[in-house]
Each structure stands twice: as structure tokens, then as C-alpha cells.
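Please keep the sequence and the 3D view at hand while reading.

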Amino acid sequence: MRRVLAAVLCGVLFGVGLALAQMIDPNKVLAFLDLAGTWDPSLILVMGGGAGVTALLFPWVLRRSRPRLDSQFHLPAKRRVDGQLLSGAALFGIGWGLAGYCPGPALVALTLGTAEPWLFVAAMIAGSLACKVWLDGGR
Amino acid sequence: MSQFTPYTALGGGLLIGLAAVLLLYLNGRIAGISGILNGALVRHAGDTAWRVAFIAGMLAGGAAFWWLTPHAFAPRQGFPVGLLLAAGFLVGFGTRLGSGCTSGHGVCGLGRRSLRSLVATMTFVGCGMLTVYITRHLLGVQP
């Protein structure tokens, strides 16, 4: 139960951060990706600010033997840069550039009262499940 | 067109980073939204509730901020539906195949000094920029 409450708190902070930084506005994101248009570098500060905090404090957190509310850390095991990573990141980048939504902002935008994010998120979940089927089939 | 907003961008970024640090400190989890969502799509005993809770909190926090402050932007409408669906599918497929998105690779992975995340971040930002250049400036299909 405490883990669930902790997740709610972290989610709220994350969502407020996304909204404050206007990342839930796809036009803002596209303006960052549009180097040849009226380029808006704001997203560098969003990602840089976020990564700055994690770079500073993750090492301190990971020095602990375990997190506060769990018996172990759950960290990604993969280390190698491989074709899956590169092709996945490339496909994600193309989709990101086509509409201006990445997963977090798209989910928060569901609350704005327009149909657009619902269509995007439905397609996103379909794409994710299609990839799962494809990966599982290859095993 | 949007303009450079350094203070809110940095402030939002710091909050996102703080949320990621807290989630790792308390629950030992990486705050990657695509990973959290993908894990929530399949049921695993004891692993689903925190994911749903995080996403619900994120929606509540984002919505509360947007509704309680003077709206900085009007939600986009009238964007081509085909483009939207294709984009969503690619984002869903690509983030699962590439094990992460802007938050997991961009914010958390860079903070962990992960080479995989650095390469992924450069790849998706580069491909995003190339895509906007092609669709907006060469083909003119994107508003």
C-alpha cells in the first residue's frame, strides 16, 4: 500500500512537471524538433533539468542497499547498444516527429477534453502490443 | 507558434527529475513512462497497482495544473487523423522495441550514465528532427 501511495506522489510531481513545462502541448514539442522553423530550445532545458537532477541524486540513491519501500532496486539489465535499441529509438523518433507526442505527455493530454490524444494513445497501445506479439513470436 | 520559455521549462524539468529520484528512492523503480505503461498492460500479481497509481497521479497532477492555472495553450484540434494514428503506432512500437522513451532514456538513463540511453536519446531526437523537416518543409503534410 505504501508503494502505491509513493507511486501516486511521484506521478503527481511528474505530471505537474510536464504541464508546467508545457510538454503536453504537441506544438511546443514540434517547435523544438523544427530546426528549420522558429526553433524553440525549451525542451533541452526540460530534459537537461530532469537529467541533471537524476545525474546528481541517482548515485546517492543507488549507494543504498535497497529502496525505502522494496527489497531491491529494479534496474534495466540490458547493457549493449544493439539493433533493437537503435531501430526502436528511430521508429519512436519518427512517430514523435509526426505528431509531437511522446508517451507521458500523450497520457496527460487525455485530460484536456479533446479527441486527439485518445486516438493517439489508442494507436500507441496498439503499437506497443503489436511489438510485444512480434518480439514474442521471434523467440 | 510557441516561444522559448526557459523558466517554466527548467522548473518542469527539475520537477520531473525530482519525481524520478523519489520513485527510485522509495520504490526502486525507473520513471520511464513507456515502461510503466507497458508493464501495466499485462497483469502481474503485485506489479500492476503501483503502475496504475503512478499513471493516475501523473494524469491528476498534469490536469490539475492545466485546469487551475491560466491556460498557456489551447489544445490542438483538427490534426490529420491518419498522421496521428500512424504516429501513435510508431511511438508505441518503437518505445517497446527500444526499451524506453523520453523519460526512461532521456531523463533517467542519462542520469544513470547509461550508454544505451545516450545513444537512444540522440537517435530519437535526431529522427524526430529529421521527420519534422521532411513532413513540414519538404512535403508540407504537417501543419
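Into which domains is chain B divided? Chain B has domain 1 (1–29), domain 2 (31–74) and domain 3 (75–142). The model is predicted.

**A salt bridge between chains**

- A:Glu116 and B:Arg76 form a salt bridge through their side chains, with an N to O distance of 2.9 Å.
- This pair crosses from chain A to chain B: A:Glu116 belongs to helix α6 (residues 116–137) of chain A, while B:Arg76 lies in the loop between α3 (49–68) and α4 (81–97) of chain B.
- Are these two residues buried or exposed? Both A:Glu116 and B:Arg76 are buried.

- The side chains of B:Arg29 and B:Asp47 meet in a salt bridge at 3.2 Å, N to O.
- The two residues are 18 residues apart and link distant parts of the chain: B:Arg29 sits in the loop between α1 (6–27) and α2 (33–41) of chain B, and B:Asp47 in the loop between α2 and α3 of chain B.
- B:Arg29 counts as buried because its relative accessibility is 15%, and the cut-off for buried is under 20%.
- B:Asp47 has a relative accessible area of 13% and is therefore buried as well.
- B:Asp47 also forms a salt bridge with B:Arg51, where the closest N and O atoms are 2.8 Å apart.
- Through shared partners, the salt bridges join B:Arg29, B:Asp47 and B:Arg51 into one network.
- B:Arg51, like B:Asp47, is buried.
- In general, side chains of opposite charge can pair when their charged atoms come close.

**Domain 1 against domain 2 in chain B**

- The centres of domain 1 and domain 2 of chain B, taken over C-alpha atoms, are separated by 14 Å.
- How many residues are in contact here? In chain B, 4 residues of domain 1 are in contact with 6 residues of domain 2.
- Domain 1 and domain 2 of chain B bury about 410 Å² between them, with 67% of it on carbon and sulfur atoms.
- The count of salt bridges between domain 1 and domain 2 of chain B is 1.
- Across this interface there is 1 residue pair in polar contact, both residues being at pLDDT 80 or more.
- On the side of domain 1 of chain B that touches domain 2, the residues divide into 2 nonpolar, 1 polar and 1 charged.

Terms used. Residues numbered from 1 in each chain as written. Chains lettered and ligands numbered in written order. Predicted model: local features only at pLDDT ≥ 70, side-chain atom pairs only at ≥ 80, totals over all residues. Heavy atoms only, no water. Salt bridge = Lys/Arg side-chain N within 4 Å of Asp/Glu carboxyl O. Helix = DSSP H or I, 4+ residues; strand = E, 2+ residues; numbered from the N terminus. Buried < 20%, exposed > 50% of the residue type's maximum accessible area, 1.4 Å probe, protein only. Domains from an automatic or database assignment. Contact = heavy atoms within 4.5 Å. Buried area = accessible area lost by both parts, 1.4 Å probe. Polar contact = N/O pair within 3.5 Å; in protein donor to acceptor, adjacent residues only side chain to side chain. Nonpolar A, V, L, I, M, F, W, Y, C, P; charged D, E, K, R; others polar.
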